[in-house]
Amino acid sequence: MKLARVARVGTYVCHRGVFAIECRSAESAVEVDRTFDAPFGLKTAEEAADHLVSDLQSPGIARASVSVTIRGFGVAQHILQLPPASDALLGPVIEREMRRLEPQLGEFALQWMSLPSLDSGVTGAPNAPVQRSILATVAPSEVVTAFEQRLQGAGHRLEHLTTLPVAVHRILEQFDSGTGTIATVLPLPDGAYIGFALSGGVRLIVDPPLPQDPAHEAAALAEEVDLAAMFVRQQFRGANLDRVVLIGARPSLSELKGTVGGRLRIPVKQIEAETLT
């Protein structure tokens, strides 16, 4: 008996629905075969996981290895500055700090990654020990369990579950390895994501509200980037924005690229979901 091919699916899950791509390996790259979006109001992680399983069934995907990027549903993130120490020593410190910052969470799954240290241009005492910069994210344990159980029960496998800031940071590492101060902008169904990277690591995350007038969404988002860039200059001793990286589906980027570039007068680069390889 011939087994069904295991599809590789990457999906973004938020309170406004499930948005996925099916991809396949091609030599040393990954090529996108198709996209399928399922906008829907989702209140709980259980609803989201059920909706994801249903969306996999619709295009006839029987067995899939699924990577989930999640936003909302109790997920939280913080950028921490901690004393220099080994990963083994920092692990418990990060967990304790996240429990302090997110006291409303019960049991949670913790994911953290070390960021490049900030350079000497950042505010700090001369000759001070170089601190560890950490991007830490947490998801309630019941959220992770819901996706694991629903997908497994339908014959799929949860390969990876991560948060939006970590996923965006990985994309930037892969597709824009340049230096300088970079604003990464994603127009998303539940509101844009704006992240600012300095010295190769994310330092500020902005979640602007959904625009009141969709007809002026590009202008509103360009203004949010401009205002956040002013804050970055204040916090990081005149760190001027070098370029903007837009990530998303091709139709959502065309107007935004011109509007952002026109307002900020800096280079704007597109990374299109359809051509991620």
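Visitor: Over how many bridges do E12 and E13 pair?
Guide: This is a predicted model, in which local features need pLDDT of at least 70 and side-chain atom pairs count only at pLDDT 80 or more, while totals for chains, interfaces and linings use all residues. Residues are numbered from 1 along each chain as its sequence is written, and side-chain values use heavy atoms, with hydrogens and water left out. Strands are DSSP runs of E, at least two residues long, numbered from the N terminus, and two of them pair if DSSP finds at least two bridges between them. E12 and E13 pair in the parallel sense, with Val245 opposite Lys269 in E13, and the count is 5 bridges.

Visitor: Is strand E12 buried or exposed?
Guide: Buried means under 20% relative accessible area, exposed over 50%, and partly exposed in between (1.4 Å probe, protein chains only). Arg243, Val245 and Ile247 cover one side, and Val244, Leu246 and Gly248 the other. Of the 6 residues of E12 (residues 243–248), 6 are in this class, so the strand is largely enclosed by the rest of the structure: buried.

Visitor: Which residue of E12 is the bridge partner of Ala183?
Guide: E9 and E12 pair in the parallel sense over 4 bridges. The partner of Ala183 in E12 is Val244.

Visitor: Which strands stand at the edges of the sheet?
Guide: The open sheet of 5 strands has mixed pairing and runs E11-E10-E9-E12-E13. Each edge strand has a single partner strand, so one side of each is left without a neighbour in the sheet; these are E11 (201–206) and E13 (268–272).
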